[in-house]
Amino acid sequence: DAGEVNNIGTANSNETDPVEDPENVQVPQHPGIELNKTGALDDGIDDTATPGDLITYEFTVTNVGNVTLSNVVVSDPLISNIDCGDGTANIGTMAPSPAGVTCSGSYALTQADIDAGVRDNIADVDATDPGGAPVNDDDDHSEPIPQDPALSIDKSAGETSFDSVGDVLTYTITVTNIGNVTLTDVSVVDAGVDGLTCTPANGATLAPNEVMVCAGTHTVTQADLDAGWYANTACVNDGADGAQEVCDDSDVPADQNPAIDIDKSPDLQQVALGDDAVFTITVTNTGNVTLTDVTVTDPLSAGCDRIIASMAPGDVETYGCSATVSDDFTNVATVTATPPPSYVGDDPSDVDDAFVDALPEIQVTKTPSKTEISEPGELV
């Protein structure tokens, strides 16, 4: 530590005084110190890094020189709780030895660390050699931080059913960042709704556990009623290389009410035997779904039979027909129809009748009382 060895040699005899010869031998000094920094992340039982999780560091300091060092102190700009055995970062004096001193400390993750995916930092050790000169070393450590980008989406409708064209369905779409990293450009796509608006707006940045709420509407069409429900899907993603796209759908059932009405008029008519009774038949789709194969049958008057390929709600079909009267009769017309395949229930049908009163045939025979006239003014 002194840097030299001082030694004095002395010669002495009975006849002479002692003679001394001093000799100073310089000893090379090689001060040196080494710092080795390691770290390990404790990300909990779910292996998902969250703010507040600790990286535990160890700092191993070794005097690798040949002189005793003093004022040995470990420092790290990120870590304020370094403990080298006495609760402080101060090791004090270290003699040369292959056995180092191990200090410890910890650092709590921030969201910025998780978003970066790595925590880099450098630690230093500083000391003073016997001559008062500084001796130091540093070591860095990069701790990888697991990233788990993920989104969830929930789509719900405010209505439980619909039964009319023009009904408005309202939807709420809730998106949550359920991962552990901040996501940018979070956007919802829903082609099945109109006027989609989101808070915050599409393209927003969501930190973990932050929520985006979107709203939109759909106006019911006849096709929706005929289908038996309105189904649509919303999806959310945050662009390439981010969270996996996730989707959710919401199906609102239709309240289908197939119905058909037939009216045969007039209800009562008087017709002479042998003449034709004339009828007007009116068929109306009085339900809320499209009907196909609308079939009118009339066993007493084949001319009143009719097949209508398709009728939308509110459609009316009116036509005339006739039947020759041979006696009093009640003319009954029946209509049946086929509802959409999505409907569960009986096919709609209806009947109506009209009475025909047959009048007896009247014959008039006229005969003169005389067969000859003999003079003017004579009565016949």
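## Basis of the model

Local features of this predicted model require pLDDT of at least 70 and side-chain atom pairs count only at pLDDT 80 or more, whereas totals for chains, interfaces and linings use all residues. Residues are numbered from 1 along each chain as its sequence is written, and side-chain values rest on heavy atoms, with hydrogens and water left out.

## Overall composition

The protein contains two helices and 25 strands; these are DSSP runs numbered from the N terminus, with helices (H or I) of at least four residues and strands (E) of at least two. Of its 380 residues, 35% are buried, where buried means under 20% relative accessible area, exposed over 50%, and partly exposed in between (1.4 Å probe, protein chains only).

Among contacts (heavy atoms within 4.5 Å) with a separation of 6 or more, 64% involve residues 24 or more positions apart.

## Pairing of strand β5

Strand β5 (residues 69-75) runs antiparallel to β6 (residues 90-94), joined to it by three bridges. Two strands are taken as paired if DSSP finds at least two bridges between them. In this pairing, Leu69 stands opposite Met94.

Strand β5 is also antiparallel to β8 (residues 118-128), with four bridges between them. Here Ser75 faces Asp124 of β8.

## Nonpolar cores

A nonpolar core is a set of buried Ala, Val, Leu, Ile, Met, Phe, Trp, Tyr and Cys residues joined through side-chain atoms within 4.5 Å. The largest one has 43 residues, and Phe59, Val61, Val72, Val74, Val175 and Met212 have the most contacts inside it. Strand β4 (residues 54-63) contributes the largest share of this core, four residues. A second, separate core of 34 residues includes Phe162, Val193, Leu291 and Ile308.

Setting aside residues up to four places away in sequence, Val72 touches residues including Ile33, Val61, Ala89, Met94 and Val125.

## The loop residue Thr286

Thr286 belongs to the loop between β20 (276-285) and β21 (291-297). With a relative accessible area of 47%, Thr286 is partly exposed. Apart from neighbours within four places in sequence, Thr286 is in contact with Ala259, Ile260 and Asp261.
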